[in-house]
Number of protein chains: 2
Amino acid sequence: MVNNSRKLITIVGGGNIGSAWATVFLLHGYRVSLYENDFEVHAKSKKSIKKGLNLFIESNNLDSKKVNNILCNISYFKDLIRALSGTKYVIEAINENLNDKINIFKNISQNIDEDVVIASSSSFLPISKISEKTINKDRCLNLHPGNPPYLLKFAEIVPSKFTSKKALDQTKCLLKSIKLHPILLKKEVDGFVFNRLQGALLKEAYSLINNDIVEANDIDLIVRKGLGLRWAVMGPFETIDLNTKGGIEKHSKIMIPFYKSMFSKKGKSNFEKKSIKKVIAERRKLLPLGKMSARISWRDKKIFKLINLLK
Amino acid sequence: MVNNSRKLITIVGGGNIGSAWATVFLLHGYRVSLYENDFEVHAKSKKSIKKGLNLFIESNNLDSKKVNNILCNISYFKDLIRALSGTKYVIEAINENLNDKINIFKNISQNIDEDVVIASSSSFLPISKISEKTINKDRCLNLHPGNPPYLLKFAEIVPSKFTSKKALDQTKCLLKSIKLHPILLKKEVDGFVFNRLQGALLKEAYSLINNDIVEANDIDLIVRKGLGLRWAVMGPFETIDLNTKGGIEKHSKIMIPFYKSMFSKKGKSNFEKKSIKKVIAERRKLLPLGKMSARISWRDKKIFKLINLLK
């Protein structure tokens, strides 16, 4: 923890993602200043950070006595300029509104050293647009975390064509220091990698519902008992590599022609309303909104155990 | 184990899938007769079944003293008629060749009682075609297991338009008796559910390689550290349901329009050769074919632990 303890990270935005970013930096000995103009959100954010830390305590990954010390390392600000004072790295995590992001990037860039990186946590707004009015847009990039980043240990780094190698290298180092795997995209693409992969599977899942092949809960089950188990241990390419004698080359000869023809057929659906309505109804029957938060805690504890097991 | 101990299951084909089917039935107290016309395959199959049982012993899920008794419950035959004598359920698991399957289904149906179900393990050949020349095609269905079925605890049941409710019900009961979740498809669809979902993600993954966005190993990493972990704990619909305040309905308003536009753009690729070659090269660099079998054992042990943890 000592090496990071002097560095100050500024998080802009105190919602779920901002608070989760704060948690992971605090856990690794950083000082954090969190800017959030809505004072009520400060309290929510503190609560959410404590909840995150509790996960580590419950799984014996954190000594409960250290929590108070850790919480001393975060300061909340309603004033952006004060939150940025002395910062070494800025992560923006406000709502997904392009104009708001453009403006806050401009503001941030006017109030920090010229070489401090400004990263956006956006899930889909590209940094080339967000950094339009930023001073020195070569230090700007997308830094899209898993949700939450203290459980899903990676983040996508996406450069615009302006982004400097220095900013990318600094970001990779920063991620490694908080034990996240940097996934460096070579260029901008809608949805980055995580959401494109998730979206591709969801598109097919909704299409199966739309064509009345199977129930939504059966899709969840077959992924949970099958693909998910595999993919938690190894990714999709290693999975097919090990699934056929002769490896992925043999797989490409046997299975790819079949996949290709499967997805070339007409009558494709693309997130039809009918299917979405059906899945919403099925989900609400299985889990009323009131039980959501308990289920999220259950999920996070399970994932935590899986991570420890897969180490 | 007592209840199943009198029932005889016939497996037709002694390759990986046939042997894995045999393993799961043996583990649950069934008697198995395995037909395989290639005598050399008998020895391989026995070895593969022992390897499967060892996984259970190593993880303290099976008493090693019981192995010899279990292995007494399987008999190997080079003669189809003898393998079918007294059978209560037939599972075909020969190579993925349509004509061979049509012929063996016809042969099987001529040599068993009229109401014994004949199920095909094919990953993609539809039962409507396989059962073309079968006597009483109403007892035929696709029964597509995870690989191996003693680790991935589900199987897809796919009826043709001829398949009887009785055959489906019997199959569901059989699967439950060996602790597999039956995933009942309402009608035939190319690739069933498992391979359509896997194929959809692979298609997008290859497309990301084709467009030079990211390396194959980074895709494996982001799935392993992110989507896979989530999906091992809960399926894709529950995942998005818990990921947005307001659940899947809110998700459908925020994210679906974005996904929709993402996948509506031109320039889609569909398993381009360039990308496949690139991934093959990267995989072989990461894992030489000679180390494949050790890695498969590693994978299966990990999955076994995950299953125990997720119980």
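Here are legends for a handful of close-up views of this predicted model.

This is a predicted model, where local features need pLDDT of at least 70 and side-chain atom pairs count only at pLDDT 80 or more, while totals for chains, interfaces and linings use all residues. Residues are numbered from 1 along each chain as its sequence is written, chains are lettered from A and ligands numbered from 1 in the order in which they are written, and side-chain values use heavy atoms, leaving out hydrogens and water.

**View 1. Chain A laid over chain B.**

**View 2. Helix α13 of chain A against helix α11 of chain B.** Here α13(A), residues 273–286, and α11(B), residues 247–254, have axes that come within 8 Å and cross at roughly 155°. (Helices are DSSP runs of H or I, at least four residues, numbered from the N terminus; axes are lines fitted to C-alpha atoms over the stretch in contact, with angles from 0 to 180 degrees between N-to-C directions.) That makes α13(A) roughly antiparallel to α11(B) (over 145 degrees). On the α13(A) side, look for Ile276(A), Val279(A), Ile280(A), Arg283(A) and Arg284(A), which meet Gly247(B), Ile248(B), Glu249(B) and Ser252(B) of α11(B).

**View 3. Helices α8 and α13 within chain B.** The axes of α8(B), residues 194–210, and α13(B), residues 273–286, come within 8 Å and cross at roughly 90°. The two are therefore roughly perpendicular (65 to 115 degrees). Tyr206(B), Ile209(B) and Asn210(B) of α8(B) are in this contact, and among their partners in α13(B) are Ile276(B) and Val279(B).

**View 4. Helix α14 of chain A and its cover.** Buried residues here include Met292(A), Arg299(A), Phe304(A) and Leu306(A) (buried means under 20% relative accessible area, with a 1.4 Å probe and protein chains only). Their cover includes α2 and α13 of chain A, plus α9, α10, α11 and α14 of chain B.

**View 5. Glu238 of chain A.** This residue is found in helix α10 of chain A, residues 236–243. Glu238(A) is buried, with a relative accessible area of 8%. Leaving aside residues up to four places away in sequence, Glu238(A) touches Asp220(B), Arg283(B) and Arg295(B).

Key: Parallel < 35°, antiparallel > 145°, perpendicular 65-115°, else oblique. Contact = heavy atoms within 4.5 Å. Buried < 20%, exposed > 50% of the residue type's maximum accessible area, 1.4 Å probe, protein only.
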